[in-house]
Amino acid sequence: MLWATRSLRIALRQSLNLSRAMASDTILGSPGPVEIVMRQKLVTLLQPSKLIITNESQLHRHHAAMRSQGGGNGETHFAVQVISDAFKGKNTVQRHRLIYSALSEEFSQGLHALSLNTKTSEEAQRCQAEN
């Protein structure tokens, strides 16, 4: 009986390690299909001087909405930093609406949330000078 318990613990530990490795490959490794499409759409729309997309889905797997989807597809939550002169003359809400509108198809297919940081080149330079 002790042997079965020990074997079960070893098997569970190996399974957990494999799951962690697969998650880190998906999340931290090469971008998935949702991230690739997001990048293409935002580059085309905004012609940014800087675009950083960070997949933060692993941080939200425990949320009720993600648990009900079986943890999501691994591409549900992103942080997006964009510097683009396409934002000139637009307030924060208008900038965010522009991005959300561009990614409406992705939202309808499982993208759940974006954390957005949007600046013009001038605003980014001003922020950099202040720091």
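**Group meeting talk: valine 82 and its surroundings**

Let me begin with valine 82, which, leaving aside its neighbours within four places in sequence, is in contact with Leu46, Pro48, Lys50, Leu51, Phe87, Ile99, Asn117, Thr118 and Lys119, where contact means heavy atoms within 4.5 Å. Please keep in mind that this is a predicted model, in which local features need pLDDT of at least 70 and side-chain atom pairs count only at pLDDT 80 or more, while totals for chains, interfaces and linings use all residues. Residues are numbered from 1 along each chain as its sequence is written, and side-chain values use heavy atoms, with hydrogens and water left out.

As for the overall layout, the chain has 6 helices and 3 strands, which are DSSP runs numbered from the N terminus (helices: H or I, at least four residues; strands: E, at least two). Buried residues, meaning those under 20% relative accessible area with a 1.4 Å probe and protein chains only, make up 27% of the 131 residues.

Val82 also belongs to the largest nonpolar core, which has 15 residues, and Val82 is listed there among those with the most contacts inside it, together with Met38, Phe78, Val80, Ile99 and Leu114. Such a core is a set of buried Ala, Val, Leu, Ile, Met, Phe, Trp, Tyr and Cys residues joined through side-chain atoms within 4.5 Å. The largest share of this core, 4 residues, comes from helix H2.

Let us move on to serine 84, which lies in the loop between strand S2 (77-83) and helix H4 (92-102). Is this serine 84 buried or exposed? Serine 84 is buried, with a relative accessible area of 1%, and its side chain reaches the backbone oxygen of leucine 46 at 2.6 Å. That is a polar contact, a pair of N or O atoms within 3.5 Å in which, within protein, one must be able to donate a hydrogen and the other to accept it, and residues adjacent in sequence count only if both atoms are side-chain atoms. Not counting residues up to four places away in sequence, serine 84 touches Leu46, Gln47, Pro48, Lys119 and Thr120.

One of these residues, glutamine 47, lies in the loop between H2 and S1 and is exposed, with a relative accessible area of 58%, where exposed means over 50%. Glutamine 47 has a positive phi of about 45° although it is not a glycine, and the background here is that most residues other than glycine have a negative phi.
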